[in-house]
Amino acid sequence: GVNECTFIAVKPDGVQRKMVGEIVRRFEKKGFKLVGLKLVQASEDLLRDHYWSLRSKPFFSKLITYMSSGPVVAMVWRGLDVVKTARKMLGETNPADSLPGTIRGNYCVEMGRNVIHGSDSVESAQKEISLWFHQSELNRWEDCGSQWIYN
Ligand code: DAT
Ligand code: MG
């Protein structure tokens, strides 16, 4: 629904490559509402919790090293079907399979440096938001543009 939220993170390579502005711009211009944003150096413990479902994969330890190699920009975005739509905006997990126009399709080439994270379901979004943000860090501001985005 309209009140759905998703967790988006610009990964360390995206921060290093100065892609934060471009990524925020895309979500803003789409019509989604920013409800949380911070620059964080994630601990390995946090990242292991975040990627818990992938713990038995062969690339897991490399993934944790990559994700803890520098700060990430953690965000919460809200809007109609934002979880699914954000995944479309990101592209596929493998940048090589991502269509041009998507973030991964436009700006990266390898799975191990794919620039951005987005929750894959409403349930994982809720888990990830509570893992990365305190309730007090989420801002319920009134968006004066919402009447021009929703009818
Ligand atoms: P996504 O980030 O598209 O949700 P995922 O949750 O399956 O993908 O995996 C998390 C991250 O792990 C992904 O962004 C990049 C990395 N990854 C996934 N599959 C991989 C693989 N086969 N080899 C190397 N890295 C992989
Ligand atoms: Mg995932």
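**Close-up views of a predicted model**

**View 1. Lys 11, a buried residue without a salt bridge.** Lys 11 is buried (under 20% relative accessible area, where over 50% is exposed and values in between are partly exposed, with a 1.4 Å probe and protein chains only), yet Lys 11 has no salt bridge, and the nearest side chain of opposite charge, that of Asp 13, is 6.7 Å away. A salt bridge here is a side-chain nitrogen of Lys or Arg within 4 Å of a carboxyl oxygen of Asp or Glu, while Lys and Arg count as positive, Asp and Glu as negative, and His and the chain ends are not counted. This is a predicted model, in which local features need pLDDT of at least 70 and side-chain atom pairs count only at pLDDT 80 or more, whereas totals for chains, interfaces and linings use all residues. Residues are numbered from 1 along each chain as its sequence is written, chains are lettered from A and ligands numbered from 1 in the order in which they are written, and side-chain values use heavy atoms, with hydrogens and water left out. Lys 11 lies in the loop between E1 and helix H1 (12-16); helices (H or I, at least four residues) and strands (E, at least two) are DSSP runs numbered from the N terminus. Leaving aside neighbours within four places in sequence, the residues in contact (heavy atoms within 4.5 Å) with Lys 11 include Tyr 51, Tyr 66, Arg 104, Asn 114 and Val 115.

**View 2. The two sides of helix H5.** Within H5, which spans residues 82-90, the buried residues are Val 82, Val 83, Ala 86, Met 89 and Leu 90. These residues lie on the same side of H5 because they cover an arc of only 120 degrees around the axis, the arc being that of the directions from the helix axis to the C-beta atoms. Lys 84 and Lys 88, on the other side of H5, are exposed. The cover over the buried residues includes strand E1 (5-10), helix H2 (20-30), strand E3 (72-78) and helix H7 (122-132). Just after H5, Gly 91 takes a positive phi of about 100 degrees.

**View 3. Trp 132 and its surroundings.** Trp 132, found in helix H7, is buried, with a relative accessible area of 5%. Not counting residues up to four places away in sequence, Trp 132 touches, among others, Phe 7, Lys 38, Leu 46, His 50 and Glu 137. Phe 7, Trp 132 and Phe 133 form one aromatic cluster, in which rings of Phe, Tyr and Trp (its six-membered ring) pair if their centres lie within 6.5 Å, with planes under 30 degrees apart counted as stacked, over 60 as edge-to-face and the rest as tilted. The charged end of Lys 38 sits over the ring of Phe 133, 4.7 Å from its centre, where sitting over a ring requires NZ of Lys or CZ of Arg within 6 Å of the ring centre and within 35 degrees of the ring normal.

**View 4. Two residues with positive phi.** Most residues other than glycine have a negative phi. Val 115, in the loop between H6 and E4, has a positive phi of about 75 degrees although it is not a glycine, and Val 115 counts as buried at 0% relative accessibility.
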